[in-house]
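Here's a walk through a predicted model, one topic at a time. Have a look at the fold first, then read on.

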Amino acid sequence: MANEFKQVPAILNVTVVKGDEVSIAVDVDPTDLTGYSITAPIYVKGVFASGVGGVSAVETIGEIATNFAISFTNQSQGQLILGLSELQTNALSTSVDYRWYLRWVAPGLITRTILAGTFDVINP
């Protein structure tokens with residue numbers, strides 16, 4: 001009999017249009033997020049072509065390209081919004097393979113990655 005333990009995030013793959021504002025509602029109900037530190041970076045997983053993003057483009061694998069802004073709609077009920085501005089999505093390249101994740105550090109310093117997935121940028 002094989003034994004196995006997994007503690008992995010739920011998968012949420014995201015596709016956005018370059019230059020659009022993005023707002024993603026997340027509900028981790030019934031978790032009260034009061035006192036939690038939450039991060040949601042978008043990072044480079046791979047590059048399809050080098051030199052395609054301009055002078056300030058992020059093309060190093062593992063490097064954080066940008067971070068979602070996090071705002072709470074109801075913190076005590078575990079409801080939040082992940083947001084990206086038009087400038088942030090416009091700075092992302094359609095020639096870069098991105099991933100993202102949502103991680104929290106709960107009171108007592110318990111770290112948990114609860115969501116993760118691909119992050120694709122397409123042209124309109």
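## Starting at Phe 68

Let's begin with a side chain. Phe 68 is buried, with a relative accessible area of 5% (buried means under 20% relative accessible area, exposed over 50%, partly exposed in between, using a 1.4 Å probe and protein chains only). Phe 119 counts as buried too, at 0% relative accessibility.

Before going further, some housekeeping. This is a predicted model, where local features need pLDDT of at least 70 and side-chain atom pairs count only at pLDDT 80 or more, while totals for chains, interfaces and linings use all residues. Residues are numbered from 1 along each chain as its sequence is written, and side-chain values use heavy atoms, with hydrogens and water left out.

## Aromatic pairs

A pair of aromatic rings is described by the distance of the centres and the angle of the planes. Here, rings of Phe, Tyr and Trp (its six-membered ring) pair if their centres lie within 6.5 Å; planes under 30 degrees apart count as stacked, over 60 as edge-to-face and the rest as tilted. By this rule the count comes to 4 aromatic pairs. The rings of Tyr 43 and Tyr 101 have centres 6.0 Å apart and planes at 55°, so this pair is tilted. Tyr 43 sits in strand 5 and Tyr 101 in strand 9, so the pair ties together parts that are 58 residues apart in sequence. Strands (E, at least two residues) and helices (H or I, at least four) are DSSP runs, numbered from the N terminus. As for Tyr 43, a relative accessible area of 23% makes this residue partly exposed.

The rings of Phe 68 and Phe 119 also have their centres 6.0 Å apart, but with planes at 75°, so that pair is edge-to-face. This pair links distant parts of the chain, with Phe 68 in the loop between strand 6 and strand 7 and Phe 119 in strand 10, 51 residues apart.

## The nonpolar core

In soluble globular proteins, nonpolar side chains tend to be buried together. A nonpolar core here is a set of buried Ala, Val, Leu, Ile, Met, Phe, Trp, Tyr and Cys residues joined through side-chain atoms within 4.5 Å. The largest one has 25 residues, and Val 26, Phe 68, Leu 82, Tyr 98, Trp 100, Leu 102 and Phe 119 touch the most other members. Strand 2 (14–17), strand 3 (22–27), strand 5, strand 8 (79–84), strand 9 and strand 10 each supply at least two residues of this core. The largest share, 5 residues, comes from strand 9.

What is Trp 100 in contact with, leaving aside its neighbours within four places in sequence? Its partners include Leu 12, Val 14, Pro 41, Ile 42, Phe 68, Leu 82 and Phe 119, where contact means heavy atoms within 4.5 Å.

## Strand 9 and its partners

Two strands pair if DSSP finds at least two bridges between them. Strand 9 (residues 96–106) pairs antiparallel with strand 4 (residues 37–39) over 3 bridges, and Ser 37 stands opposite Val 105. Strand 5 (residues 41–47) is an antiparallel partner of strand 9 as well, over 5 bridges, with Val 44 bridged to Tyr 98. Strand 10 (residues 110–122) runs antiparallel to strand 9, joined by 9 bridges, and Val 105 stands opposite Thr 111 there.

The hairpin of strand 9 and strand 10 has 3 residues between the strands, and Gly 108 in this hairpin takes a positive phi near 95°. Most residues other than glycine have a negative phi. Leu 109, found in the loop between strand 9 and strand 10, has a positive phi near 60° despite not being glycine. At 71% relative accessibility, Leu 109 counts as exposed.

Strand 3 and strand 8 pair over 6 bridges, and Val 22 has Leu 84 as its bridge partner in strand 8.

## Thr 89

One more residue to check: Thr 89 lies in helix 1 (residues 86–91). Thr 89 counts as buried at 0% relative accessibility. Not counting residues up to four places away in sequence, Thr 89 touches Val 22, Leu 84 and Val 121, among others.
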